[in-house]
Amino acid sequence: MIPNGVEDEEKWLAAGITGLQQNAFYMHRALDSNNLKDALKYSAQMLSELRTSKLSPHKYYELYMRAFDELRKLEIFFKEESKRGCSIVDLYELVQHAGNILPRLYLLCTVGSVYIKSKEAPAKDILKDLVEMCRSIQHPLRGLFLRSYLSQVSRDKLPDIGSEYEGDADTAMDAVEFVLQNFTEMNKLWVRMQHQGPAREKEKREKERSELRDLVGKNLHVLSQIEGIDLDLYKDMVLPRVLEQVVNCKDEIAQGYLMDCIIQVFPDEYHLQTLETLLDACPQFQPSVDIKTVLARLMERLSNYAALSAEVLPEFFQVEAFTKLNNAIGKVIEAQEDMPIAGVVTLYASLLTFTLHVHPDRLDYVDQILGACVQKLSGKGKLKDNKATKQIVALLSAPLEKYKDIDTVLKLSNYPHLMEYLDDATSKVMANVLVQNILKNKTCISTAEKVEALFELMKALIRDLDEDVNDELDEDDFKEEQNSVARLIQMLHNDDPEEMLKMICAVHKHILTGGPKRLPCTIPPLILNSLKFVRRLHSHDENAPEDEASAMPEKFFQILNQIIEALSIVPVPELALKLYLECAEAANESDLEPVAYEFFTQAYMLYEEEISDSKAQVTAIHLIIGTLQRMHIFGVENRDTLTHKATGYSAKLLKKPDQCRAVYACSHLFWVDDQDNIKDGERVLLCLKRALRIANAAQQMSTATRGSSGSVLLFIEILNKYLYFFEKGVSQINVASIQSLIELITTEMQSENTTADPAADTYFASTLRYIQFQKDKGGAVGEKYEPIRHQVIVK
């Protein structure tokens with residue numbers, strides 16, 4: 001090529017098109033007047049424009065296509081001439097008198113096409129003559145397009161089996177020989193382009209060659225369409241000849257492209273039966289050939305073929321496809337010592353995909369692939385190459401997607417070793433893939449051994465990473481991750497208490513490494529799942545001897561106590577208190593009074609020593625009161641101690657309204673419907689009176705600080721408690737006390753010093769309506785409420 005610039009090339013192309021069009025015009029005039037001599041003369045002059053060496057392949061192709069269109073018209077004229085009695089043999093001889101070799105050969109191919117159609121001579125002889133004469137053109141670009149033209153005009157005229165040009169018994173061999181010979185010569189011309197011109201233009205030549213590769217590849221496509229090529233012919237002749245050319249050309253671009261063509265155009269069953277031949281060629285390629293892509297595409301084709309039907313699988317077993325592919329990959333990696341890690345992993349990922357399609361039951365093969373990958377990564381530490389890490393994630397994800405069962409994956413001994421090479425961020429991605437697979441398939445993790453293996457794999461989700469990485473983690477993403485871990489922990493289960501206890505201990509060991517940010521997310525689900533199991537265990541063991549029935553739950557509660565204690569490093573005393581109370585309630589259901597008392601003790605200690613925020617104290621005391629109310633296991637002494645503490649905490653809250661509400665809530669600790677031994681009306685009344693005093697003190701403080709007595713809402717709430725216990729039959733709560741409280745509220749609401757509170761007005765009105773509703777019921781209830789007098793308040 002000698003182009004001196006884009007502008008010059010455009011001028012040369014324009015000049016070539018002008019010359020071609022001028023001669024084409026005269027050729028058309030000669031064709032219209034049936035002047036064969038002038039038609040040949042002007043067509044030869046037209047084709048002489050293709051002799052240029054000044055155009056790049058892209059521009060030359062544009063000129064060639066214009067000439068190709070004109071040659072189609074000339075071919076039609078030759079057909080008409082032969083029908084009018086002109087000897088096609090004479091015409092075949094006549095065009096060979098053209099002055100220049102290139103126009104002569106284009107005309108010869110055009111007439112040769114008509115000659116074959118006339119069937120005046122065997123197609124194989126004409127094709128052999130044409131393919132041999134085309135050797136005269138050794139200029140790479142001109143030769144490639146000439147042979148491409150020969151391939152184009154002859155593709156429907158090959159002496160193939162079933163074709164109208166079919167010859168003798170070896171007719172398919174003739175067709176194959178012609179295409180192979182043309183392919184061989186075209187490939188030589190194509191490769192030769194790489195070695196013409198100065199070294200500084202190497203990249204330009206490579207680009208130009210890439211633009212021309214389809215001209216060469218089309219020969220293999222034509223070859224694959226020949227009906228006469230059966231497996232034996234392909235195995236014995238076609239593939240060896242093609243591979244010989246591919247290997248011997250020693251050209252990086254040609255070897256990569258042509259191997260890809262072979263894989264894409266020939267049938268899958270042929271690849272399977274000639275697998276060894278194909279694979280043996282790979283290590284012989286140039287080191288710079290992207291052989292990993294070639295092998296990956298081959299394995300992808302075979303995988304898809306295996307996925308079509310189970311009936312073809314015996315063919316894979318028969319040829320030992322896995323062993324051959326595995327050995328070939330090993331040889332290629334060995335031959336290309338500088339192959340990047342991403343390429344190595346890509347090869348093994350493709351082999352794994354193939355194995356999962358063909359040998360899904362052979363876990364040893366899967367583990368062998370992972371092991372080979374681990375061996376190649378040995379000593380390289382955490383991978384920094386993004387491509388390599390993505391390929392490892394794909395490699396590790398493939399068994400999960402195939403088996404949809406974490407149990408199967410945990411049997412792969414090399415699986416965790418391969419994960420060790422992922423950086424922290426990618427380990428987290430992979431761990432999340434594992435968790436989502438378990439959640440999606442609702443897999444139950446049922447042994448301590450599996451828990452150990454699984455949590456080791458997903459450690460990136462349950463351990464705090466470096467601070468820098470943690471700071472970059474989006475809060476929403478973090479919550480989503482931990483939510484997934486929590487859901488996973490809830491799926492741990494085994495009916496055997498001993499094994500379940502081991503599983504809880506195993507999870508405990510792993511989540512303790514989670515640090516202060518993760519522990520509040522991972523400890524609660526572990527506690528709640530354990531309590532669910534303890535409750536189920538108690539319901540199953542009701543008929544068992546008392547010692548046996550309590551021994552195992554006690555072991556669970558011991559470990560749960562240790563787990564909650566781990567929250568002290570965070571610290572989150574409010575969460576720890578809730579969990580202690582949950583455990584106390586479960587111990588209550590298991591009839592374990594000492595255990596329940598111990599958990600309450602821990603909760604009280606947390607309240608006293610760790611919870612200082614007033615709002616948190618209010619929430620905590622109501623949790624304590626609510627839980628304590630539901631406890632039935634405590635004896636008199638223990639219950640009195642705990643209730644005394646609860647009422648004491650209530651009276652010491654910072655704000656008077658909070659004190660009042662907590663104190664009247666304590667009244668429920670002394671009267672429980674379903675427990676006859678907890679019905680102490682005196683102490684109920686004591687709590688309510690104390691609440692009234694606190695409410696009154698709150699009003700006085702409001703008057704002193706704001707000049708108004710504030711809302712009567714607290715009095716109304718206490719009134720409702722009075723009504724509750726009055727209805728429950730607490731004898732100490734009588735009509736007089738209720739009546740006096742109603743009058744107190746009425747008086748306060750009518751007072752000018754009372755702050756207007758629409759919510760309190762509505763609440764009081766609803767309470768009075770309830771009293772009237774109970775009266776209207778009649779019967780015993782109506783009689784009970786009848787003495788209570790009230791009136792509608794109008795302000």
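# A tour of the predicted model

Start with the nonpolar core. The largest one has 280 residues, and those with the most contacts inside it are Leu223, Ile262, Phe316 and Tyr415. Its largest share, 12 residues, comes from helix H17, residues 341-358. In soluble globular proteins, nonpolar side chains tend to be buried together. Keep in mind throughout that this is a predicted model.

**Confidence**

Colour the chain by pLDDT. The mean for the protein chain is 89, and 95% of its residues reach 70 or more. Then select residues 467-471, where the pLDDT is below 50. Beyond near neighbours in sequence, this stretch has three contacts in the model. Where pLDDT is low, the predicted coordinates should not be read in detail.

**Ile262**

Which residues is Ile262 in contact with, leaving aside its neighbours within four places in sequence? The list is Leu220, Tyr234, Leu239, Val242, Leu243, Val246, His271 and Leu278.

Next select Lys250, in the loop between helix H10 (231-248) and helix H11 (252-265). Lys250 has a positive phi of about 50°, although it is not a glycine. Is Lys250 buried or exposed? Its relative accessible area is 56%, so Lys250 is exposed.

Lys250 is also one of the contacts of Gln286. Gln286 itself is in the loop between helix H13 (275-281) and helix H14 (291-308). With a relative accessible area of 26%, Gln286 is partly exposed.

**Lys404**

Move to Lys404, in the loop between helix H19 (386-403) and helix H20 (406-410). Lys404 has a positive phi of about 50° and is not a glycine. Its relative accessible area is 48%, so Lys404 counts as partly exposed.

**Aromatic groups**

Now show the aromatic side chains. How many aromatic pairs does a search of the whole structure find? The search finds 27.

Select Phe600 and Phe634. They form an edge-to-face pair, with 5.9 Å centre to centre and 70° between the planes. Phe600 lies in helix H31 (residues 593-609) and Phe634 in the loop between helix H32 (614-630) and helix H33 (636-651), so the pair ties together parts that are 34 residues apart in sequence. Phe600 is buried, with a relative accessible area of 0%. Phe634 also counts as buried, at 5% relative accessibility.

Select Phe726 and Tyr785 for another edge-to-face pair: 5.4 Å centre to centre, with 85° between the planes. This pair links distant parts of the chain, 59 residues apart: Phe726 is in helix H36 (residues 713-728) and Tyr785 in helix H39 (residues 779-785). Both Phe726 and Tyr785 are buried.

Lys679 lies over the face of Trp671, at 5.9 Å from the ring centre.

For an aromatic cluster, select Tyr60, Tyr61, Tyr64, Phe68, Tyr106, Phe145 and Tyr149.

**Pro571**

Select Val570 and Pro571 and look at the peptide bond that joins them. That bond is cis, with omega near -15°. Pro571 lies in the loop between helix H29 (546-565) and helix H30 (573-589).

H31 has 17 residues and reaches 24 Å from its first C-alpha to its last, close to the 24 Å expected at 1.5 Å a residue. Its buried residues include Val595, Ala596, Phe599, Phe600, Ala603 and Tyr607. An α-helix has 3.6 residues a turn, so residues three or four places apart point the same way.

Then select helix H35, residues 681-706. H35 has 26 residues and spans 37 Å from first C-alpha to last, close to the 38 Å expected. Among the buried residues of H35 are Val684, Leu688, Ala691, Ala695, Ala698, Gln699 and Ser702. What covers the buried residues of H35? Helix H34 (656-666), H36 and helix H37 (735-750) are included in the cover.

For the last stop, select Gln699 together with Gln286. How far apart are their C-alpha atoms? The separation is 95 Å, and the two residues are 413 residues apart along the chain.

Note on methods:
Residues are numbered from 1 along each chain as its sequence is written. This is a predicted model: local features need pLDDT of at least 70, side-chain atom pairs count only at pLDDT 80 or more; totals for chains, interfaces and linings use all residues. Side-chain values use heavy atoms; hydrogens and water are left out. A nonpolar core is a set of buried Ala, Val, Leu, Ile, Met, Phe, Trp, Tyr and Cys residues joined through side-chain atoms within 4.5 Å. Buried means under 20% relative accessible area, exposed over 50%, partly exposed in between (1.4 Å probe, protein chains only). Helices (H or I, at least four residues) and strands (E, at least two) are DSSP runs, numbered from the N terminus. Contact means heavy atoms within 4.5 Å. Rings of Phe, Tyr and Trp (its six-membered ring) pair if their centres lie within 6.5 Å; planes under 30 degrees apart count as stacked, over 60 as edge-to-face and the rest as tilted. A charge sits over a ring if NZ of Lys or CZ of Arg is within 6 Å of the ring centre and within 35 degrees of the ring normal. pLDDT is the predictor's confidence in each residue, from 0 to 100. The expected span of a helix is 1.5 Å times one less than its number of residues.
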